[in-house]
Amino acid sequence: MLHYDFMQRAFFAGGLIAVIASCLGVYLMLRRQALMADMLSHVSLAGVAAGALLGFNPTLAGFLTAVLGAMAVEFVRRSYRAYSEVSIAIIMIGGLSLAVVLMSLNQHLTRSFSSYLFGTVVAVNKTELLLLAFVTFTGCLFFFLFRRPLYLLTFDEETARTQRVPVTRLNFAFSVLTGMVVAAAMPIVGVLLVSSLIVLPAALANRLSPSFAWAIGLAIAFGITGVFAGLTASYHFSTPPGGTIALILLLIWLLGTTLHRGWKKLGSLRAKRNPVSLNA
Amino acid sequence: MEIVTMKEVSFGYGDAPSLVNLNLAIQQGEFVALTGPNGASKSTTLKLMLGLLKPWSGSVALADKLPDGKRLEVGYVPQQAAAFNSGFPSTVEEFVLSGRNSRGGWLKRRRPEDFALVEEALNRVSMWEYRRQRIGELSGGQKQRVCIARTLVQEPDWFVLDEPVTGMDRESRLHFYELLEEQVRIHNRTVLMVTHNLEEVSEKLDRGIELTRTEDGGWKCCTTTLCKGHFSQGD
């Protein structure tokens, strides 16, 4: 399988995006913005449509629109502090409605749009690969350099502010990075499933991890496993790669959650049977 | 030296004012309690002092530096800090260590002293044995103690504590007041604490500030009670 150039590129691209999307997902989930990825992918679609209509590179247009959408969501979030999901819904409506209208203006885009909707990881081109590498490098650097203020910020914004964390600027940078990751992930799993790469590994890792550092590490491990297993399954069974990756990530989440629940139940049963040994 | 000064501060949520013409100053090295009935804007007053809220009118001056030239370090424990995200994947030790994040830059390597401070703080709040546990698995009172330990590790010049003893039993509360008194009297730090248990802690306080309603329409002003032991009535 790996002697094909396109499969090498697919594994390379998939690995890169699994690392950065899983890491980002941990923060997004804890900030209660898990749906932000979904929203930005829809906004990005409007950029793709606008780019195609106006003769720009659709990938770059989608990328820029996702970044702009992320900035807009941060702006609206400040007006709805207690209901951050409202800001996501508002921007998603704007992005999706714009995409639908722009698509209707250009009737020749149907085929191209299906590749954005469902992903074409095995047909990743050089521009997309370079964009992915740049986003992954920038994202990893961001999460490494700002890991301590981000931890404080994710836990509680007000306390972080009193500890002189530049909350507004950091939130802004975080939103921009989210837009970049979503736009770069679109060619892999497509608009409809991009949030699976961001949410599912993080959801399982947050549940299983004893510490924050472990949550990041485990999320990346689950993300890479899901993407590589999905690509392999897709190659052997001739299934769409985006959907296969998302399904495998869902299976990993289901298996991990079930095992975790079983393990916890077993622990509480043991504790009920032998309470003395626990107190010792 | 004044840590914070509020002059003629007014503030409200929506159209309704909740604080009107509030004048208040906290001196360095004071142990002050802020009291008042529910809804008296005690938490709002703290947030205005810390710059987390902007007043409608008036001024809030928070000291940037101490007389020795060091940057003022604020240790804030918000109200119901124990109600934090229970799914947050962090151990007690990791969480308390994050109190050192603002000390010495974001990228500075952790030193053995940082870990020693964490151990000491967790022992002070009797939570050392829980250091490997996830914070979300703790009870309300334990979470509150862990939040206090994080603030202790920060070694702040000014403790701003919004109902920090919520969920604690009486013995833990008394132990905690002693700990705060030690911070003020021995380390010359400043403590401002919102509390409903004024009588429990009044022996140790320098001042008690009470937010009360004004006669004309439910706005609040503040009255200061001097507490015995540390101030003469003429101060």
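Two residues are in contact if their C-beta atoms, placed from the backbone, lie within 7 Å. The model shown is predicted, and local features need pLDDT of at least 70, side-chain atom pairs count only at pLDDT 80 or more, and totals for chains, interfaces and linings use all residues. Residues are numbered from 1 along each chain as its sequence is written, while chains are lettered from A and ligands numbered from 1 in the order in which they are written.

**View 1. Ile17(A) and the largest nonpolar core.** Not counting residues up to four places away in sequence, Ile17(A) touches Leu132(A), Ala184(A), Ala185(A), Ile188(A) and Leu197(A). Ile17(A) is also one of the residues that touch the most other members of the largest nonpolar core, which has 86 residues; such a core is a set of buried Ala, Val, Leu, Ile, Met, Phe, Trp, Tyr and Cys residues joined through C-beta atoms within 7 Å, where buried means that 20 or more other C-beta atoms lie within 10 Å of a residue's own, placed from the backbone. Helix α1 (residues 5-30) of chain A supplies the largest share of this core, 14 residues, helices being DSSP runs of H or I with at least four residues, numbered from the N terminus.

**View 2. Helices α1(A) and α6(A).** α1(A) packs against helix α6 (residues 126-145) of chain A at an angle of about 30°, with the axes 9 Å apart; axes are lines fitted to C-alpha atoms over the stretch in contact, and angles run from 0 to 180 degrees between N-to-C directions. α1(A) is therefore roughly parallel to α6(A), a term for angles under 35 degrees. Among the residues that meet here are Leu16(A), Ile17(A) and Ile20(A) of α1(A) and Leu129(A), Leu132(A) and Phe143(A) of α6(A).

**View 3. Helices α11(A) and α12(A).** Helix α11 (residues 212-237) of chain A and helix α12 (residues 241-273) of chain A pack at an angle of about 130°, and their axes lie 8 Å apart. Residues making the contact include Phe222(A) and Leu231(A) of α11(A), together with Ile245(A) and Ile252(A) of α12(A).

**View 4. Helix α7(A).** Helix α7 (residues 147-155) of chain A is mostly covered, with seven of its nine residues buried. Pro149(A), Tyr151(A) and Phe155(A) are among these buried residues.

Methods: A residue is buried if 20 or more other C-beta atoms lie within 10 Å of its own, exposed if 12 or fewer, and partly exposed in between; C-beta atoms are placed from the backbone. Helices (H or I, at least four residues) and strands (E, at least two) are DSSP runs, numbered from the N terminus. Angles under 35 degrees count as roughly parallel, over 145 as roughly antiparallel, 65 to 115 as roughly perpendicular and the rest as oblique.
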